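Biologist: I'm new to this one. Could you walk me through how to read it?

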Amino acid sequence: MSVWHELVGQERAVAELARAAEPGSPAMTHAWLLTGPPGSGRSNAARAFAAALLAPGQDRDAPDVRRALGGTHESMTVLSTQKSVISIDEVRSLVATAHQAPVNAPWRVVIIEDADRMAERTSNVLLKAIEEPPPQTVWILCAPSPQDVLTTIRSRCRSVTLRVPSPQAVAALLESSAGIDQDTARWAAHASQSHIGRARRLATAPNARSERAVVLDIPRQLRSVGSTVRLAARIVDVAKERAKERTEERNAQEKERLLRTLGVEAGTRVPPSARAQIRRLEEEQKRRDVRARNDELDSIFIELLSLYRDVLALQLGAESGRINVEEDERIASLAAEGDANATLMRIDVLRQARERLGTTMAPALIVESAFIGLSNPWITA
């Protein structure tokens with residue numbers, strides 16, 4: 001099986017990357033920028049390209065390829081952050097790593113999965129490394145669009161654009177790679193809006209379908225101001241709990257490793273000399289926890305957006321391209337309750353809510369305002 005197997009619907013991008021990865025290829029260069037909307041598979045493309053470079057000619061089951069695809073190859077470094085901003089220290093560490101000779105591979109590959117999260121000062125540190133790279137180092141940057149990366153960095157990278165694959169292609173991938181039955185694969189591909197990672201979770205996680213059904217049922221519960229406010233509070237609590245499940249174990253492991261590195265035994269008093277480092281770790285974990293909570297809330301808003309997009313399509317007479325393929329009754333009911341103008345206003349309410357997640361506004365107020373807007377969009381008009 002090819003290293004490119006999971007890059008469905010990306011024939012042009014795969015052809016360009018595969019051609020460059022061939023040993024001695026004149027198409028190869030030292031810096032690449034992979035761009036595409038969420039769900040297009042930027043990270044998968046970066047790791048597949050790295051695997052093709054580090055283990056040329058080997059298939060997906062080879063040990064070197066598996067390590068590269070998993071981000072654990074000894075000549076590969078991946079920066080994938082859960083924070084809102086990549087720090088300058090993180091980039092300086094990558095630059096230092098980039099100057100190390102490759103091990104058991106012809107290249108040293110450095111991947112930055114969220115290059116759009118670098119401030120200008122941080123980007124300038126990276127710029128110097130990309131301008132004068134070691135001969136066997138390859139930088140692979142990922143971002144939603146070329147405009148999300150500093151112009152001077154963009155001009156020094158070869159750009160490859162990915163697109164969102166079709167639901168049919170994603171469903172076929174789920175069937176072939178994960179053994180998902182045809183109906184579930186089709187539902188997950190449409191519900192995820194062709195986002196491969198989200199589709200795989202929807203198709204395989206035990207509670208994913210029921211959790212999504214709860215979200216799609218939110219509009220039906222917005223019948224009074226009191227019920228709307230109470231529901232908003234519950235949704236925020238649910239988002240916090242899900243985020244905690246995602247981060248709690250990782251946070252504990254990170255703290256345990258740091259204490260062990262500092263020579264502090266479990267259950268003993270932390271010496272004053274170690275407290276500053278522990279405090280920095282805890283502050284970073286708090287920022288990551290906030291992002292995880294906001295990601296959970298954002299996923300709820302995305303699901304609701306998909307529902308109202310289908311409602312709008314029905315109101316406008318569009319028959320194809322439905323996201324929620326098993327929700328005909330729900331969509332028809334919501335469409336009958338208003339007109340296309342009201343639905344457009346509800347879509348705008350959700351768009352604003354997603355933008356507010358990037359501010360310091362309290363999450364409870366963001367969700368409350370969004371749900372009130374959904375129940376009566378004329379209030380926020």
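Predicted model: local features only at pLDDT ≥ 70, side-chain atom pairs only at ≥ 80, totals over all residues.

Biologist: In what order do the strands of the open sheet come?

Modeller: The general idea: strands of a sheet pair through backbone hydrogen bonds, either parallel or antiparallel. Two strands count as paired if DSSP finds at least two bridges between them. Strands (E, at least two residues) and helices (H or I, at least four) are DSSP runs, numbered from the N terminus. Here five strands form an open sheet with parallel pairing, in the order S2-S3-S4-S1-S5. Strand S2 (76-79) and strand S5 (158-161) are the edges, each pairing on one side only. From one strand to the next, the twist averages 15°; axes for such angles are lines fitted to C-alpha atoms, for helices over the stretch in contact, and angles run from 0 to 180 degrees between N-to-C directions.

Biologist: Which helices pack on the sheet or lie across its strands?

Modeller: Helix H2 (residues 42-54) packs on the sheet and touches strand S1 (31-35), S2, S3 and strand S4 (137-143). Contact means heavy atoms within 4.5 Å. The direction of H2 makes about 165° with that of S4. Helix H5 (residues 120-131) lies across S1, S3 and S4, at about 140° to S4.

Biologist: How many bridges does S3 make with S2, and how many with S4?

Modeller: S2 and strand S3 (residues 108-112) are joined by four bridges, with Met 76 opposite Val 109. Five bridges link S3 to S4, and there Ile 111 has Ile 140 as its partner.

Biologist: Why is S3 described as largely enclosed?

Modeller: Buried means under 20% relative accessible area, exposed over 50%, and partly exposed in between (1.4 Å probe, protein chains only). Five of the five residues of S3 are buried, so the strand is largely enclosed by the rest of the structure. Arg 108, Val 110 and Ile 112 cover one side, Val 109 and Ile 111 the other.

Biologist: How many residues of H8 are buried?

Modeller: Seven of the ten, so H8 is also largely enclosed by the rest of the structure. The buried residues of H8 pack against helix H7 (167-178), helix H9 (196-204), helix H10 (208-216) and helix H13 (272-315). Take Thr 184, which sits in helix H8 (residues 182-191): at 17% relative accessibility, Thr 184 is buried. Leaving aside residues up to four places away in sequence, Thr 184 touches Ala 203 and Arg 209.

Biologist: What is the phi of Gln 193, and of Ser 194?

Modeller: As a rule, most residues other than glycine have a negative phi. Gln 193 has a positive phi of about 55°, and the phi of Ser 194 is near 70°. Gln 193 lies in the loop between H8 and H9, and Ser 194 is in that loop too. Gln 193 is partly exposed at 35% relative accessibility, whereas Ser 194 is buried at 4%.

Biologist: Which residues line the largest cavity?

Modeller: A cavity is a set of points, on a 1 Å grid over the protein atoms alone, where a 1.4 Å probe fits but cannot get out; lining residues have an atom within 4 Å of a point. Grid points are joined across faces, edges and corners, and a volume is the space filled by probe spheres set on the points. The count is one cavity of 30 Å³ or more, and about 30 Å³ of space lies in the largest. Arg 309, Asp 310, Ala 313, Ala 318, Glu 319, Ser 320, Gly 321 and Arg 322 line it.

Methods
Residues numbered from 1 in each chain as written. Heavy atoms only, no water. 1 Å grid on protein atoms, 1.4 Å probe; cavity = no way out; pocket = protein on both sides within 12 Å on 5 of 7 lines; lining within 4 Å.
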